[in-house]
Amino acid sequence: MVVKRFEADVLALGEALRARGEKLATAESCTGGLIAAACTAVAGSSDWFERGFVTYSNEAKTEAIGVPAELIAANGAVSEPVVRAMAEGALARSHADWAVAVTGIAGPSGAVPGKPVGTVWLALARHGRVLLAERLQFDGDRAAVREQTVQQALVRLRAAMAAA
């Protein structure tokens with residue numbers, strides 16, 4: 001199972017969150033809930049994982065986490081402004097202290113000029129402030145893009161927590 005591959009990263013993330021008394025929320029598009037699944041695959045994650053939003057469609061991004069439809073129309077769902085709004089929306093609609101958001105083009109179709117397959121935007125937010133919004137470019141098929149996205153989300157979360 002894919003989520004088992006991330007167990008060590010998730011355990012370390014969970015220990016850090018638990019030690020701080022903080023919780024995590026996710027807002028996922030291209031990963032379809034894989035980050036949340038990786039987090040909740042370990043025993044005790046209810047101590048630190050607050051909730052996950054799978055906002056695959058543009059309508060879900062707007063309805064579930066408050067991403068303005070105009071923002072999506074102006075920038076596209078796979079963009080820095082949208083991933084920032086996703087992270088902020090996940091925090092605003094949860095009781096979490098941290099949020100990670102991802103939106104991207106996992107493929108094999110969906111590429112547009114300037115946004116090839118493998119393009120992913122990742123954002124981290126804490127207490128209502130976006131700490132990181134980063135464009136990543138991954139190689140491989142759909143499964144590989146999604147797995148690399150999960151891995152980088154966990155790595156970047158741990159790094160941001162260590163720096164906070």
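A residue counts as buried when its relative accessible area is under 20%, as exposed when it is over 50%, and as partly exposed in between, using a 1.4 Å probe and protein chains only. By this scale G44, with a relative accessible area of 33%, is partly exposed. The structure is a predicted model, in which local features need pLDDT of at least 70 and side-chain atom pairs count only at pLDDT 80 or more, while totals for chains, interfaces and linings use all residues. Residues are numbered from 1 along each chain as its sequence is written, and side-chain values use heavy atoms, with hydrogens and water left out.

The chain as a whole comes first. Its secondary structure comes to six helices and five strands, where helices (H or I, at least four residues) and strands (E, at least two) are DSSP runs numbered from the N terminus. Read from the N terminus on, these elements follow the order α-β-α-β-α-α-α-β-β-β-α. The radius of gyration, which is taken over C-alpha atoms, is 15 Å for this chain, close to the 15 Å given for 164 residues by the globule rule, so the chain is as compact as a globular protein of that length. That rule is 2.2 Å times the number of residues to the power 0.38. Along its principal axes the C-alpha trace spans about 45 × 30 × 25 Å, and 48% of the 164 residues count as buried.

Contact means heavy atoms within 4.5 Å. Among the contacts in the chain with a separation of 6 or more, 62% are made by residues 24 or more positions apart.

What lies in the interior? In soluble globular proteins, nonpolar side chains tend to be buried together. A nonpolar core is a set of buried Ala, Val, Leu, Ile, Met, Phe, Trp, Tyr and Cys residues joined through side-chain atoms within 4.5 Å. The largest such core in this model has 29 residues, of which L13, L24, W48 and V100 touch the most other members. At least two residues of this core come from each of helix 1 (7-20), helix 2 (34-40), strand 3 (98-104), strand 4 (119-126) and helix 6 (142-163), and helix 6 gives the most, with seven residues. Apart from this core lies another, of 24 residues, among them V82, V83, A90 and W121.

W48 also shows how parts of the sequence meet. Leaving aside neighbours within four places in sequence, W48 is in contact with V10, L13, G14, L17, R18, E22, K23, L24, C39 and V42. The C-alpha atoms of W48 and G21 are 7.6 Å apart in space, although the two residues are 27 residues apart in sequence. G21 belongs to the loop between helix 1 and strand 1 (24-28), and G21 is exposed, with a relative accessible area of 63%. G44, in turn, lies in the loop between helix 2 and strand 2 (49-54), and its C-alpha atom is 9.8 Å from that of E15, 29 residues away along the chain.

Two details of the backbone remain. Most residues other than glycine have a negative phi, and most peptide bonds are trans. The peptide bond from G107 to P108, however, is cis, with omega near 5°, and P108 has its place in the loop between strand 3 and strand 4. H127, a residue other than glycine, has a positive phi near 50°; H127 is found in the loop between strand 4 and strand 5 (129-137) and is exposed, with a relative accessible area of 53%.
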